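Here are my notes for you, colleague to colleague, with the structure alongside. Please read them as a walk through the sheets, the helices and the cores.

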Amino acid sequence: MSDNDPIGINLGAGGYWSAPNWMSLDEESGNVLDENTTLPTENEFLLAAFSCHFFEHVNNTTSKRLFSEVHRVLKPGGHFRIIVPDFEKIIEKYLENDLEWFHKDVGFEGRNEWERYGIPRDITSILLHFLSNFDFEGPKGFYRGGPLEIDREELRKRAANSSVGDFCDWVHSHIPTDDSRVKTQHINWWTAKKFIEMLKDAGFTEAHQSEFGATQCNLMQGPQFDLEKPNRRKFSLYVEAVK
């Protein structure tokens with residue numbers, strides 16, 4: 001490996017992310033990541049892989065494909081670090097009616113266009129935004145948020161009595177995917193258990209829940225990684241796997 005060869009890859013990096021000797025792949029930069037993706041590097045070539053707040057945007061089929069591809073391109077002993085919203089914690093805070101946590105710790109009070117669409121800036125709308133937001137350009141302008149029509153009483157009952165997966169799947173079923181104007185955003189849910197099982201199925205020898213800024217790989221300790229947006233530490237799940 002020469003000094004100019006890539007050492008890592010960031011999946012779903014965003015159009016403006018960069019780090020020395022890292023490849024960044026994202027739809028914004030012309031790299032669509034889906035169930036047919038082959039990562040642009042040879043077998044056992046990279047030392048690390050990273051992804052921050054991306055895997056909630058793709059389904060399980062695409063996730064499994066990308067996990068397998070990351071495993072293929074990492075050297076033995078290479079690390080794969082993943083960050084997503086902590087759906088268990090978000091649902092827990094919703095059930096506790098802890099609006100202050102969303103406002104102060106997470107720093108989110110809703111979006112300006114919600115009022116135009118008759119969406120209150122309450123804890124239910126905020127929950128739906130984190131679990132299942134989507135975009136569209138409607139008659140009242142741009143909208144980003146959760147499903148516009150959902151039974152709020154049933155929502156609370158299901159949140160209290162369902163598994164994270166069953167509840168999130170039910171919420172996602174209300175995204176109007178048959179509307180050609182809609183661009184989906186948050187369409188998948190994750191827990192540490194789900195990640196660990198799928199990563200091990202992809203061939204990783206070890207996978208565990210991590211913490212903010214606690215990567216075991218010194219290549220992912222810079223400000224471009226989970227230190228990039230410190231406010232996310234309050235509502236993020238961190239998982240790390242080793243090939």
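1. Strand 1 (residues 8-11) and strand 3 (residues 46-52) run parallel and are joined by 3 bridges. Within that pairing, Ile9 has Ala49 of strand 3 as its bridge partner. Helices (H or I, at least four residues) and strands (E, at least two) are DSSP runs, numbered from the N terminus, and two strands pair if DSSP finds at least two bridges between them.

2. A word on the basis of these notes: this is a predicted model, in which local features need pLDDT of at least 70 and side-chain atom pairs count only at pLDDT 80 or more, while totals for chains, interfaces and linings use all residues. Residues are numbered from 1 along each chain as its sequence is written, and side-chain values use heavy atoms, with hydrogens and water left out.

3. Axes here are lines fitted to C-alpha atoms, for helices over the stretch in contact, and angles run from 0 to 180 degrees between N-to-C directions.

4. Strand 5 (residues 134-138) is joined to strand 6 (residues 141-145) by 5 bridges, and the two form a hairpin with 2 residues between them. On the strand 6 side, Glu137 is partnered by Phe142 and Phe134 by Gly145. Towards strand 7 (residues 183-184) there are 2 bridges, and Asp135 has Lys183 as its partner there. Strand 5 is mostly covered, with 4 of its 5 residues buried (buried means under 20% relative accessible area, exposed over 50%, partly exposed in between; 1.4 Å probe, protein chains only).

5. Helix 6 (residues 164-172) deserves a look as well. Of its 9 residues, 7 are buried, among them Phe167, Trp170 and His172. The cover over these buried residues includes helix 2 (87-95), helix 4 and helix 5 (152-161).

6. How do helix 2 and helix 6 meet? Their axes come within 11 Å and cross at roughly 80 degrees, which means helix 2 is roughly perpendicular to helix 6 (the class for 65 to 115 degrees; under 35 is roughly parallel, over 145 roughly antiparallel, the rest oblique). Phe87, Glu88 and Ile91 of helix 2 meet Val164, Phe167 and Cys168 of helix 6. The residues of this contact divide into 5 nonpolar, no polar and 1 charged.

7. Finally, the cores, meaning sets of buried Ala, Val, Leu, Ile, Met, Phe, Trp, Tyr and Cys residues joined through side-chain atoms within 4.5 Å. The largest has 63 residues, and Phe55, Phe67 and Phe195 are among those with the most contacts inside it. Helix 4 (residues 123-132) gives the most to this core, with 6 residues. A second, separate core of 14 residues includes Trp22 and Ile83.

Conventions
Contact means heavy atoms within 4.5 Å. Ala, Val, Leu, Ile, Met, Phe, Trp, Tyr, Cys and Pro count as nonpolar, Asp, Glu, Lys and Arg as charged, and the others, Gly among them, as polar.
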